[in-house]
Amino acid sequence: MDIAVVGAGSLGSLLGGLLAREHDVTLVGREPHVGRVRERGLRVTGVESFCVEPAAATEVPDAADLALVAVKSYDTAGAAAALADCALDACLSVQNGLGNEATLADALDCPVLAGTCTYGARLTEPGTVAYTGRGEVALGASEGGPSQVAERVGAALDAAGVVTTVAEDMPTRLWGKLAVNAAVNATTALARVENGALADGPAREVAHDAARETARVARERGVDLADERAVALVESVVADTAANRSSMLQDVADGRRTEVDAINGYVADAAESPVPVNETLARLVRAWERGVSSGG
Ligand code: KPL
């Protein structure tokens, strides 16, 4: 299968590297990373260590069987515009936050699948990605139910050794993942701790409250996600990724914009009644972002 991985950051590079063992992959990302991949291949180190030679570019190709979108949520509209001119059979979003599939579907002619991904990755230098945790990609129709396209894409990921579940309950899974990100990302970014610090440390209850609020908002929108299930998801991700630095902690450490608007901000915007923990986390992270963008 011809796969364009749009957003060759940490996660996109890891998934692209895994997929390149079986498929024709083009990594679409930024310099100097893509240039280094073109010159010397992509090195994957950690859980598994190997080198692959995918194509690498700063622009999306003219055609691909699948576009796997892994850009930051604030870049989804840009990725959708770039992909609008690419002949595609299918598109799969494995991004954080909610609302990405709708943005992509508005711009593209092909089916857009929803995905969640719990693999852990970190770009350590241009051309090299650390594979920090084996996880799972769950994918399916964003509105739920069966999908032949999802079956085909799932089989392609599976053939490359990516742990894959083709799921008919993506709305619940997307909200479950949102609860995990709402709980873990801003908390670890603000406290500057690894995910494992939420297992028993002082921020544990902040994270659990953020997850409960997210589950309540999911139920307000007709998605069946119990508080206990959301907290259990957080506990299991925290245990499985204890040594990981969340993507938001990585963004903050590197002085980059975060995905808070599509995570805690999304929960706050979608809520019918107050969600004080998500609102507070969103405000604090936005305050940090404003300080960085004004050079503070
Ligand atoms: O998705 C993640 C992220 O960091 O964005 C988790 C699952 C929290 C792993 O770190």
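Predicted model: local features only at pLDDT ≥ 70, side-chain atom pairs only at ≥ 80, totals over all residues.
Student: What share of the contacts in the protein chain between residues at least 6 apart in sequence join residues at least 24 apart?

Tutor: It is 65%, where a contact means heavy atoms within 4.5 Å. Residues are numbered from 1 along each chain as its sequence is written, and side-chain values use heavy atoms, leaving out hydrogens and water.

Student: Why is Asn 278 called buried?

Tutor: Buried means under 20% relative accessible area, exposed over 50%, and partly exposed in between, with a 1.4 Å probe and protein chains only. Asn 278 has 0%, so the word buried applies. This residue sits in helix 11 (residues 276-293). Beyond its neighbours within four places in sequence, Asn 278 touches residues including Ala 182, Glu 213 and Asn 264.

Student: What about Thr 76, buried or exposed?

Tutor: Thr 76 has 2% relative accessibility, so it counts as buried. It belongs to helix 3 (residues 76-83). Across the protein chain, 53% of the 296 residues count as buried.

Student: Why is Arg 192 called partly exposed?

Tutor: Its relative accessibility is 49%, so Arg 192 falls in the in-between class. Arg 192 lies in the loop between helix 6 and helix 7 (204-220). Its phi is near 55°, a positive value in a residue other than glycine.

Student: What makes the link between the side chains of Thr 76 and Asn 100 a polar contact?

Tutor: A polar contact is a pair of N or O atoms within 3.5 Å; within protein, one must be able to donate a hydrogen and the other to accept it, and residues adjacent in sequence count only if both atoms are side-chain atoms. Thr 76 and Asn 100 are joined at 2.8 Å. The side chain of Asn 278 likewise reaches the backbone oxygen of Ala 210 at 3.3 Å.

Student: Which residues surround the ligand?

Tutor: Among them are Asn 96, Lys 177, Val 184 and Ser 246; to be near, a residue needs a heavy atom within 4 Å. Helix 6 (residues 170-191) gives the largest share of this shell, four residues.

Student: How far is an oxygen atom of the ligand from an N or O atom in the side chain of Ser 247?

Tutor: The distance is 2.5 Å. For Asn 195 the value is 2.9 Å, and for a polar side-chain atom of Asn 185 it is 3.1 Å. The protein covers 89% of the 280 Å² of accessible area that the ligand has on its own, by the Shrake-Rupley method with a 1.4 Å probe, where for residues only the protein chains shown count as cover.

Definitions and conventions. Helix = DSSP H or I, 4+ residues; strand = E, 2+ residues; numbered from the N terminus.
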